[in-house]
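Subject: Structure to look at

Hello,

Here is the structure I promised you. Please open it next to this email and follow along.

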Amino acid sequence: MQAGRRLASNRHTRLALAVLGIITLLAVVGPWFSPWAFDQLDWQHLALPPGHIAAHWFGTDRLGRDLFVRTLCGVRLSLLISILASLVSLGIGVAWGAVAGFAGARTDEWMMRFVDVLYSLPYLFIVIILTTLFQRGSIGVLLVAIGAVGWLTTARIVRGETLALKRREFIEAARATGLAPAAILVRHIVPNLLGPVAVYATLTIPQMIIFESFLSFLGLGVQEPQASLGNLINVGAQEMQSAPWMLLVPTLFLVTLLICLNLLGDGLRDALDPRER
Amino acid sequence: MRWIPVSAEVTPADAGQVLRLCGLSVSFATPAGVVSAAQDVNLHVARGECLGVVGESGAGKSVSFLALLGLLPPNARVRGQAQFRGAELLSAGPRALERLRGAAIGMVFQDPMTSLTPHLRVGEQIAEVLVRHRGLSWAAARARAQELLRRVQVTDPARRMGQYPHELSGGMRQRVMIAIALACEPQLLIADEPTTSLDVTIQAQILALLAQLKREQGMAMVLITHDLGAVAGVADRVAVMRAGRVIETGPVAAILKAPSDPYTQALVRNAPRLEEPTSAGVAQPARGQQAAALTLTDVSVGFTVRARWFGQSTVLAAVNGVSFGLRAGESLGVVGESGAGKSTLARAALQLLKPSSGRVVWMGTALGEVPARELRALRRDLQIIFQDPLGSLDPRRTVGEIVAEPLQVHVSGLDARAREVEVAAALLRVGLPASLGGRYPHELSGGECQRVGIARAMILKPRLLVCDEPVSALDTPTQQQIVSLLAELKHASGLSLVFVSHNLALVQRLCERVLVLYLGRMMELAPAQLLYARPLHPYTRELISAVPIPDPDLQPARLARALPGEPPSPLNPPSGCVYRTRCPHAAAVCQERVPAWEEVNGDRHVACHRWREL
Amino acid sequence: MLRYALRRIGGLIPTLLVIVTVSFCIVRLAPGGPFDQEQTLTPAVRANLDHLYGLDQPLATQYAHYLGGLLHGDFGPSLSQRDFTVTELIAQGLPVSVTVGLLAILLALVIGIPAGMVAAIWRNQGADHGLTLFAALAVALPSFVTGPLFALVFGLALHWLPVAGWERGAPRYLVLPVLTLALPVAAYLARLTRASLLEVLGSPWIRSARARGLGGTRVLWRHALRPALLPAVSYLGPALAYVVTGSLVVETVFGLPGTGRYLVQGAIDRDYPLVMGMIVVYGTLLLVFNLIADLLYGWLDPRVRHE
């Protein structure tokens with residue numbers, strides 16, 4: 001409750017939340033209000049700069065597709081993939097980390113040894129291999145690949161928090177009361193994990209957006225004619241000499257999104273940090 | 001509040017004044033407004049004199065002295081005058097203050113672990129002061145640093161020079177801090193709670209060292225502390241502070257024996273002190289030969305400490321072969337220095353830690369042998385309260401939820417309404433209003449938190465309550481209140497009590513029998529009256545004589561008798577009697593054989609080869 | 001310290017073995033084969049090719065064979081560029097990638113850490129606010145955004161620097177790729193250093209050092225800096241991983257003949273030895289770099305060595 005008030009009192013956080021809200025709303029409903037579909041070609045207006053005619057606010061690409069609709073669709077897809085991937089990685093990571101930290105001893109050692117080994121793999125390479133070897137461009141594979149990487153860090157953080165919690169005397173007090181281990185985990189450990197996990201989650205989403213865009217930029221993620229921020233930027237980079245707006249428009253959206261999410265995460269962290277109290 | 005205008009006090013030896021504070025006020029500019037930390041403080045210290053500054057935490061003691069050294073954060077506002085040997089400090093520039101600090105004014109801080117730079121060797125940290133203020137070469141400074149270490153009675157000074165702070169014990173670190181403070185032979189030494197984080201035995205050693213150094217160097221000293229015992233042993237005059245003001249000053253004997261301010265009177269009254277050995281304690285010896293409710297037989301708890309390279313691992317025997325019986329309604333005190341295994345033993349008795357060997361039997365049931373589910377059901381009768389009052393309460397639950405949890409676990413078929421009534425009654429029994437039930441732990445004071453912990457432990461009316469250092473994190477007056485509450489509860493409900501504490505005075509108030517532990521082994525077990533009146537084991541004697549008593553007539557002499565030495569590493573305990581390395585009476589036999597656990601007069605036990613001769 | 005180092009180096013080999021094994025499994029368990037896209041091949045020729053490269057043997061045998069080759073430093077033949085061995089291909093590209101990557105990390109350290117220190121020392125003043133804002137922006141910008149933008153601004157609009165090419169590492173061609181890779185790392189390092197230096201400066205031992213009359217310079221450089229650098233040092237490992245990731249993008253954007261293209265193209269072509277070779281080389285690089293970071297950490301913090 002206090003944390004919520006502190007969060008709301010932070011100017012940067014409020015601004016970030018507002019901008020995020022607007023972008024999300026635009027991404028969800030915006031494309032409906034445009035006469036164009038994301039893959040519809042307008043042969044009269046190829047590579048049109050923004051602001052020239054009212055029909056194409058952000059201009060068009062080389063094939064005459066409306067950049068406004070494509071960018072908003074890209075934002076929608078990027079947000080969707082990153083949020084789903086964050087959920088996947090958080091789900092696995094929280095369960096893995098909490099069980100390892102709470103069980104302790106041998107179980108903990110083996111579970112974390114496994115994470116360490118996966119960590120030492122050049123994970124990006126593995127993701128690239130996964131996405132190329134299995135059905136390229138499939139959003140399912142993309143989700144699994146990104147999620148599979150993200151949960152390692154979550155698991156480490158959650159385990160650390162769980163270990164710290166377990167050493168606190170209130171957990172020992174619960175044991176002394178006669179609570180069963182599962183009940184302690186559910187009643188006392190998990191609720192106290194929520195704060196750090198919430199912070200980590202808001203900081204994970206922008207990372208996932210970058211990652212998805214990065215893969216799409218390399219041609220390994222979302223495939224044409226589907227639009228994601230990554231492949232829009234990729235195409236834009238190739239055309240930047242003749243049509244710079246094709247690079248600048250999706251870039252602007254991506255950067256705004258990332259900065260807002262980072263600000264929100266930082267604000268949340270400050271609001272929940274016990275040292276600030 | 002009645003307050004004596006100290007500035008009116010005229011001292012004849014005004015010329016010998018080293019430090020004089022006049023109307024010193026400190027406030028902090030915070031987002032919530034200006035907070036005053038000290039107001040109109042008037043104090044003075046003369047050459048060769050020790051001024052004790054006492055008061056509770058937050059009374060403005062440290063802040064006043066940090067202010068005159070320019071060590072407060074930038075949001076601090078300091079007004080008034082502070083003259084050091086006639087020169088004004090508050091208007092002095094930062095460079096001038098820098099030249100004084102560590103040279104003419106030495107300072108010793110509370111926590112020697114965090115007050116030494118962790119990544120620099122001890123030798124360098126002492127030597128750099130000499131290089132800075134005396135312009136010595138590093139080689140000369142190092143040679144002098146080693147001499148200083150010897151001076152503050154650090155063992156093996158040549159080796160210590162090359163060690164890092166984390167390789168030293170707490171006591172050794174504090175000696176290093178003192179060596180740094182004394183390096184440039186200051187005219188004034190400010191010691192800010194120098195012994196608070198140390199064991200009583202080490203406290204006595206450090207205070208004795210400070211007293212001796214003050215005598216030898218004839219410097220002025222300010223001892224900031226909340227411990228009246230420390231003041232009684234070292235200080236010549238005392239200033240009592242409360243809520244940022246000095247409320248009373250005077251010679252140590254006058255303040256401690258005939259305080260005039262009611263707050264000081266309460267402070268002196270509440271100070272922990274050992275009862276006169278002849279008078280019968282509050283606690284009575286257990287009645288008759290009842291069967292034991294709780295029996296520990298040869299209990300040991302070992303922790304595996306793994307050295308990572310080549311996989312060797314050592315077993316740290318935290319508790320080693322402890323046996324005792326506790327009768328229903330009896331209270332047993334467990335005492336010893338930190339690292340003696342007191343808390344481990346308390347947890348092993350409740351099976352919160354599995355003993356590596358030995359048996360714990362509660363009412364005929366061997367707790368180590370029952371299935372987990374059955375043990376959880378038995379916990380209804382076996383409760384514990386912890387050292388950290390706030391830490392033992394789940395920060396995300398309300399007081400009401402915390403206190404109700406045992407009901408949810410052990411009493412089925414209780415509706416919300418009935419539970420609420422029970423919780424309110426439990427809170428009332430520990431002296432808290434039922435309205436506290438909706439609050440969160442961090443909104444309460446330390447004492448209130450501990451009462452909530454007790455309410456949780458007592459709500460099911462257990463038959464055994466283990467208290468693990470329940471008051472060591474609390475202020476002295478609160479300590480007394482909690483101990484009184486425990487005594488009341490014990491009296492009212494006839495429960496058995498295991499009271500773990502390093503504070504021998506509190507144990508004396510509450511317990512009928514006392515068990516003395518050292519390095520995880522039993523040294524002595526005896527009825528409290530007998531133990532305090534006639535300790536048999538030399539270690540028990542050392543513990544008792546190290547207890548600071550707030551009596552300026554006795555305490556200096558007691559300090560002078562403080563024994564040197566620190567407990568050895570529990571990873572590598574001495575052969576034979578583990579205490580022999582510190583024991584003033586150690587003989588050849590003590591090194592060769594582990595002393596037997598001898599019964600003496602039927603009601604007490606001791607593990608010492610030479611108790612008969614001493 | 002020596003013992004600590006030896007212990008850490010000894011731990012490398014099993015980890016490397018795990019990396020090789022796991023990636024071997026992932027690479028080979030995926031559907032498809034190296035010669036699927038060459039539709040002109042008759043089954044007989046295909047079988048011949050498979051036999052030539054040992055692909056018709058059981059996986060376990062192939063794995064043993066591959067490990068044996070690795071021990072002799074032989075990464076095997078490339079299946080997609082059949083005139084070259086994997087060793088040759090990597091030997092061509094690696095110097096480019098390593099030059100750009102290490103220069104970027106170096107630049108990031110040289111800019112980021114001092115910037116963080118400046119921000120911490122002059123906290124809440126103009127320089128601090130400016131740096132904090134800039135760092136927040138730079139951290140949020142991925143390299144596939146900054147790379148094209150830099151090329152657009154400094155290359156196409158201002159004509160200060162060439163947009164693409166390598167020219168045997170001529171400095172003019174290095175500036176933009178190195179800057180692109182270094183910027184977010186520098187920004188992150190600056191944030192880490194600022195936060196940790198502020199925390200250290202507020203610690204009791206700094207107050208105690210000041211209480212001994214030590215000057216601001218000595219307190220900062222001798223008492224505060226070393227522990228304040230610890231978070232930055234632990235970030236070195238992730239920083240390299242980030243730079244390796246970024247180099248894939250940067251090499252594409254700026255047309256550098258590095259190793260990045262081998263990985264993506266190799267995976268698409270099912271060129272098993274090439275992909276495996278890349279993983280082994282970069283895996284080793286990451287491990288060694290992490291090791292250096294760990295040793296540095298141990299040197300900075302004596303407490304770590306004793307655990």
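This is a predicted model: local features need pLDDT of at least 70, side-chain atom pairs count only at pLDDT 80 or more; totals for chains, interfaces and linings use all residues.

Start with chain B. Find strand β13, residues 331-335. Five of its five residues are buried. Both faces of β13(B) are covered. Ser331(B), Gly333(B) and Val335(B) sit on one side, and Leu332(B) and Val334(B) on the other.

Now look at the partners of β13(B). Strand β18 of chain B, residues 496-500, pairs with β13(B) in the parallel sense over four bridges. Here Gly333(B) has Phe499(B) as its bridge partner. Strand β19 of chain B, residues 513-518, also pairs with β13(B) in the parallel sense, again over four bridges. There the bridge partner of Val335(B) is Val516(B).

Next, the rings. Over all chains there are twelve aromatic pairs. One of them joins Tyr539(B) and Tyr579(B). The centres are 5.1 Å apart, and the planes make an angle of 55 degrees, a tilted pair. Tyr539(B) lies in helix α20 (538-546), while Tyr579(B) lies in the loop between α21 (555-560) and α22 (588-592), so the pair ties together parts 40 residues apart in sequence. Buried or exposed: which is Tyr539(B)? Its relative accessible area is 0%, so Tyr539(B) is buried. Tyr579(B) is buried too, at 1% relative accessibility.

Two more stops. In chain A, ring pairs link Trp96(A), Phe114(A) and Trp151(A) into a cluster. In chain C, Arg226(C) lies over the face of Trp299(C), 5.2 Å from the ring centre.

Best wishes

Methods: Residues are numbered from 1 along each chain as its sequence is written. Chains are lettered from A and ligands numbered from 1 in the order in which they are written. Side-chain values use heavy atoms; hydrogens and water are left out. Rings of Phe, Tyr and Trp (its six-membered ring) pair if their centres lie within 6.5 Å; planes under 30 degrees apart count as stacked, over 60 as edge-to-face and the rest as tilted. Helices (H or I, at least four residues) and strands (E, at least two) are DSSP runs, numbered from the N terminus. Buried means under 20% relative accessible area, exposed over 50%, partly exposed in between (1.4 Å probe, protein chains only). A charge sits over a ring if NZ of Lys or CZ of Arg is within 6 Å of the ring centre and within 35 degrees of the ring normal. Two strands pair if DSSP finds at least two bridges between them.
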